[in-house]
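User: Please take me through this structure step by step, starting with the conventions on which the descriptions rest.

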Amino acid sequence: MALRTLATAKTLGAISRFQQHVRGLQTFTLPDLSYDYGALEPAISGEIMQLHHQKHHQTYITNYNKAIEQLDDAITKGDASTAVKLQSAIKFNGGGHVNHSIFWKNLAPTSEGGGEPPHGSLGSAINQSFSSVEKLIAKMNAEGAAVQGSGWVWLAVDKELKRLVVETTSNQDPLVTKGPSLVPLIGIDVWEHAYYLQYKNVRPDYLKNIWKVINWKYASEVYEKECP
C-alpha cells in the first residue's frame, strides 16, 4: 500500500508535466514527495497526507495554471480589466502552490531525522532570538492557534537584518506578502484540511504533534544559504 500511494503521487506529477508540455505555456506541476504518505504517522495520518497532497495542493495548481492561461490570453488581447480581475485568483492559488511546496519540505519521517532539534548556526540563532527551541515552538503554536479562520504560521529569516522572526499569514497569502526580505524556514499549514480528519477542531493538538516530524535539517540548509 505504501509503495502504491507513492507511485500514485509520482504518476500524477508525470501526467501534469505532460499536460504542461502539450500546452506550450509555462505552467506548474504537483511536486513529488520524498516520503510515503503514511511515513509521518502517527503525527499526521497517511489519509490526510494523501488528500492534502493529491487533492488540495493539486487543486491550487490546477486553478493557478488556469488563471495564468487566462492572464496570458487577456494580455495578448490587451484586456486590462480581465487581467486585473485575475490577480486575486493568481495570489490565492499561486500562494497555495508556493506555501504547500515549502510545507512538504518542512516535514520528514522520524526515521529520516524528523523532529530532531536544530544545531549549528540555526540553533544558535534560535537561542539568541527566542532563548530556546522550546520557547520558539511555544510561540509558533500560540500564534498558529490564534490565526482566525485559515492561514499559516512561519519561522522566517529576514535576510537583510539577518534575524529570525515569527509571522502569520491569512488564507494562502505567501510569506513574501509580509515583506520582500523574509525567507521562510518553516511554514505550518493551519487550514482545517491539514488536520481535521485526525484532530477534528482541536488545532492546538495538531500544532503540538507536528513538531515531531518537522524537518529542521531543511530549515538549517535554507538559513545557512541566506546567512552564510
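Analyst: A residue is called buried when its relative accessible area is under 20%, exposed when it is over 50%, and partly exposed in between, with a 1.4 Å probe and protein chains only. The model is predicted, so local features need a pLDDT of at least 70 and side-chain atom pairs count only at pLDDT 80 or more, while totals for chains, interfaces and linings use all residues. Residues are numbered from 1 along each chain as its sequence is written, and side-chain values use heavy atoms, with hydrogens and water left out.

User: What is the mean pLDDT of the protein chain?

Analyst: The pLDDT is the predictor's confidence in each residue, on a scale from 0 to 100, and 89% of the residues of the chain reach 70 or more. The exception to note is the stretch of residues 1-23, where the pLDDT is below 50. The mean for the protein chain is 91.

User: How far apart are the end C-alpha atoms of helix 4?

Analyst: Helices (H or I, at least four residues) and strands (E, at least two) are DSSP runs numbered from the N terminus, and helix 4 covers residues 87-105. The expected span of a helix is 1.5 Å times one less than its number of residues, so the 19 residues of helix 4 should span 27 Å. The model agrees with this expectation, because the end C-alpha atoms of helix 4 lie apart by 27 Å.

User: Against which elements do the buried residues of helix 4 pack?

Analyst: The buried residues of helix 4 include Ile90, Asn93, Gly94, His97, Phe103 and Trp104. Judged by contacts, meaning heavy atoms within 4.5 Å, these buried residues pack against helix 2 (46-77), strand 1 (151-158), strand 3 (182-189) and helix 8 (203-210).

User: Which residues does His97 touch, not counting residues up to four places away in sequence?

Analyst: His97 lies in helix 4 and is buried, with a relative accessible area of 9%. Its C-alpha atom is separated by 9.6 Å from that of His56, which is 41 residues away along the chain. Leaving out residues up to four places away in sequence, the residues that His97 touches are Phe28, Thr29, Pro31, His57, Tyr60 and Ile61.

User: Is Lys178, the partner of Glu167, buried or partly exposed?

Analyst: Glu167 and Lys178 meet in a salt bridge of 3.4 Å, N to O, which links strand 2 with the loop between strand 2 and strand 3, 11 residues apart. Glu167 has 23% relative accessibility and counts as partly exposed. Lys178, at 40% relative accessibility, is partly exposed.

Methods: Salt bridge = Lys/Arg side-chain N within 4 Å of Asp/Glu carboxyl O.
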